[in-house]
Each structure stands twice: as structure tokens, then as C-alpha cells.
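Here is a short report on one protein model. Have the sequence and the 3D view open while reading.

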Amino acid sequence: MQARRKLKATDIVIKEDLTHANYTLLSQTTKHDKVVNCWTSDGHLRALVKTNDQREIKVTINSVSNLSKL
């Protein structure tokens, strides 16, 4: 886990073994305009999202419909 933290400032990405659906959702999430950062943890997709008032909040993305509501 500490080795992962050292990679934060680099362009290196570590991806868990994801299902095809979660991999596709992760790819779509990284391309979303409001998403600052995203990651997976235990198969769940989490994202740091910029709100309209420029705050950043953590959300869990379960489906494309969650992503479209951002």
C-alpha cells in the first residue's frame, strides 16, 4: 500500500483485476469532466468529483446511470 502512495505523482497506474463491466465503467469515469480522480477498492469504483461550488466530494459509482447524474 505504501508503494502505491509513492506512485500518486507519476503517470503510472495500477488496476485491480476487474470484471469487464467494472473496467468499462472505470474507463468512462476517468473521462468524465467532473471527475478529478478515481480508483477501485475491493471491486467498488470510487471517484473524487468536483461539485458546482468547486468543492471535491468522494462518491461511489455503481453504474453508468450514477455517472450520468454527476
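What span should the 12 residues of helix α2 have at 1.5 Å a residue, and how far apart are its end C-alpha atoms? The model is a predicted one. Helix α2 covers residues 20–31 and should span 16 Å. Its end C-alpha atoms lie 17 Å apart, which agrees.

L25, L26 and T29 are the buried residues to look at in α2. They cover an arc of only 105° around the axis, which puts them on the same side of α2. An α-helix has 3.6 residues a turn, so residues three or four places apart point the same way. H20 and K31 are exposed, on the other side of α2.

What covers the buried residues of α2? The cover includes strands β1 (35–41), β2 (44–50) and β3 (56–61), along with α3 (64–68). Take L25: beyond its neighbours within four places in sequence, L25 contacts L45, I61, N62, S63 and V64.

**The sheet**

Three strands make an open sheet in the order β1-β2-β3, with antiparallel pairing. β1 and β3 are the edge strands; each has a single partner strand, so one side of each is left without a neighbour in the sheet. From one strand to the next, the twist averages 20°. Helix α2 packs on this sheet and touches β1, β2 and β3. The direction of α2 makes about 160° with that of β1.

| Hairpin | Bridges | Residues between strands | Positive phi |
|---|---|---|---|
| β1 and β2 | 6 bridges | 2 residues | D42, near 55° |
| β2 and β3 | 6 bridges | 5 residues | Q54, about 70° |

W39 stands opposite R46, and in β3 the bridge partner of R46 is T60. Elsewhere in β2, L48 is the bridge partner of N37.

**The core**

Which residues form the largest nonpolar core? It has 10 residues: L18, L25, L26, V35, C38, L45, A47, V49, I61 and L67. α2, β1 and β2 are the elements that give two or more residues to this core. β2 supplies the largest share, 3 residues. In soluble globular proteins, nonpolar side chains tend to be buried together. L25 and L26, buried in α2, belong to this core. L45 and I61 are also core residues, and both are in contact with L25.

Note on methods
Residues numbered from 1 in each chain as written. Predicted model: local features only at pLDDT ≥ 70, side-chain atom pairs only at ≥ 80, totals over all residues. Heavy atoms only, no water. Helix = DSSP H or I, 4+ residues; strand = E, 2+ residues; numbered from the N terminus. Expected span 1.5 Å × (residues − 1). Buried < 20%, exposed > 50% of the residue type's maximum accessible area, 1.4 Å probe, protein only. Arc of directions from axis to C-beta. Contact = heavy atoms within 4.5 Å. Pairing = 2+ DSSP bridges. Core = buried A, V, L, I, M, F, W, Y, C linked by side-chain atoms within 4.5 Å. Axes fitted to C-alpha atoms, helices over the stretch in contact; angles between N-to-C directions.
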